[in-house]
Amino acid sequence: MSTLTGTRHLARLILRRDRVLLPLWVLVLAVLPMTYATSFFELFPTAAERAAYAAGTARNPSIVALLGPVYGESVGALTAQRGGFLLVIVALASLLTVIRHTRVEEEAGRRELLGGGVLGRHAGLTAALLVTYAADLLLGLLTAAGLAATGLPAAGSYAYGVGTALTGVVFATLGGLAAQLTETAGGARGIGIAVLGASFALRMVGDTASNDWPSWLSPLGWAPRIRPYEGERWWVPALPLVASALLAAVAYPVSVRRDLGAGVLPPRLGPATAGRGLAGPFGLAWRLHRGQILWWSVGFGLLGLILGGAAEAAGRSVEGNPQLEQIMARIGGASGLADAYLGATFSLAGLAAAGYGIQAALRMRAEESAGHAEPVLATGTHRSTWLLSHVVFALVGPVVVLAVTGLATGVTYGLSVQDVPRELPRMLGAGLAQVPAAWVLAGIAVLLYGLLPRLAGVAWAVLAVCVLLGQLGAVLELDQWLLDLSPFTHTPQVLRDTWSVTPLWALAALALALAAAGLTAFRRRDVPVT
């Protein structure tokens, strides 16, 4: 029997299980660069306006640190830079997809069950990598085709698509290696995300320094250095290909030598007796969610520091373009272009925080699928108590991460305008205003889990629709009733001079009603669902 026996069947199983989630993140990430290009064509119709915007962007280290360098003044060059942060999302999606279908399967015992049949030792890792590679390549093709359809040069469009796809390939292979190093999925995710964070930090340092050599050490720095639309350098894609090959050359031998269910790194032994904090379901839920809240808060805090530092320069970069000033003022309020920029970025932060709420809510589904919920419910723990212990973190988490974002943004923006006492509470309020809309999506996830747990992942589809409506709604001039389907459409722009709190109360009430309906449905169904 070959070590790859059964790879095709496992790949089909992965595609079946991810038939909703995988196409969603590919489609969303492929459409966003096209919307950036369309916006730049509309907002900067002349070369002089594009040159002024590019110069203002290049002079701001915060924008360069967040998005990457800008190599030219064409619409293509501006689009490539604007999509720089999408590389982080592509890398994270690829990394987590491979870990989900390798280490998570092994930790849950399903890998051992499948291994009892006719299945080669390398089949699981190979199937996960092949499916994720295919998704990344499809993402690159769709991105390139979409950019070319907007009127950008085909060579630059495909160069951008190649860079995007190979960034995902590198971090997918990293996920395959991380899955071999620890015996828990959480540990593998921690290793992968730590490497991703270090790569982002290296890219930030290199892009903002006088010498960019640190960016060449970062897998996130390779795609921008292909220089789409500005004299493409086709030898640069060799770097992620070589890096992926080296990572795979380590991952495959390790996967054969280690014991099934074990990792290369020895597990850290816990205390002999459980602490008082684990005495009840809320203590257990805190133990399960605390790491997630911590790392999301750190990431959102760093993002807030960068956004706050970039806000003032972002406002200055569009001065002299009346059309853009009008559009940005409509998006972010009448209190200035910097407030418009911050209003738009807080909306994106709200969408990301909704992702946290969905992830926290779906932890219940993961606990049930792994067989961890049934033993807890076999004790004196009531179903409602167990579910509420997780729902609390699905609701509290977005509050925490958005508050951290608002505070960090308020500090850096306040320092830049020399008025921290005024800007700190304003930015905190702007961040917290996104919470009720994020709660609605978490409530939808709770409802789906309680009612139809097998379809709980559809909550991610709802989030994808909200992203698409927010990013494409204005570009496609969609009807208002369609835009109103997204709860984020109803979030007031609190940076305006006047705004109403009524939509916030309405969204919060809707979220609680959805969660309550999910609780009622959960109390009436079987656990686990068979």
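Helix 10 gives the largest share of the lining of the second largest cavity, four residues.

User: Before we go on, what kind of model is this?

Analyst: This is a predicted model, so keep that in mind as we go through the features.

User: Fine. How is empty space inside a protein found?

Analyst: The general idea is that you roll a probe the size of a water molecule over the atoms, and that shows where empty space is left. In this structure, the count comes to five cavities of 30 Å³ or more.

User: What volume does the second largest cavity have, and which residues lie nearest its centre?

Analyst: Its volume is about 170 Å³. The lining of the second largest cavity has 19 residues, and A80, Q81, A223, P224 and P228 are the ones nearest the centre.

User: Which helices each supply at least two residues of that lining?

Analyst: Helix 5 (75-82) and helix 10 (154-181) each do that. By class, the lining of the second largest cavity splits into 12 nonpolar residues, six polar and one charged.

User: And pockets? What is the volume of the second largest pocket?

Analyst: A pocket is an open set of points, while a cavity is one the probe cannot get out of. Here the second largest pocket has a volume of about 190 Å³. It is lined by 14 residues, with V440, I444, L485, S486 and P487 closest to its centre.

User: Which helix brings the largest share of the lining of the second largest pocket?

Analyst: That's helix 23, with four residues. Helix 22 (435-451), helix 23 (458-476) and helix 25 (502-524) each supply at least two residues of this lining. By class, the lining of the second largest pocket has 11 nonpolar residues, two polar and one charged.

User: Now single residues. Is S384 buried or exposed?

Analyst: Look at relative accessibility: under 20% means buried. S384 is at 10%, so it counts as buried. S384 sits in helix 20 (residues 383-417). The C-alpha atoms of S384 and L519 are 6.6 Å apart, although the two residues are 135 residues apart along the chain.

User: Why does V298 count as partly exposed?

Analyst: Partly exposed is the range between buried, under 20%, and exposed, over 50%. V298 counts as partly exposed because its relative accessibility is 38%. V298 belongs to helix 15 (residues 281-317).

Notes. Residues numbered from 1 in each chain as written. Predicted model: local features only at pLDDT ≥ 70, side-chain atom pairs only at ≥ 80, totals over all residues. Heavy atoms only, no water. Buried < 20%, exposed > 50% of the residue type's maximum accessible area, 1.4 Å probe, protein only. 1 Å grid on protein atoms, 1.4 Å probe; cavity = no way out; pocket = protein on both sides within 12 Å on 5 of 7 lines; lining within 4 Å. Points joined across faces, edges and corners; volume = space filled by probe spheres on them. Nonpolar A, V, L, I, M, F, W, Y, C, P; charged D, E, K, R; others polar.
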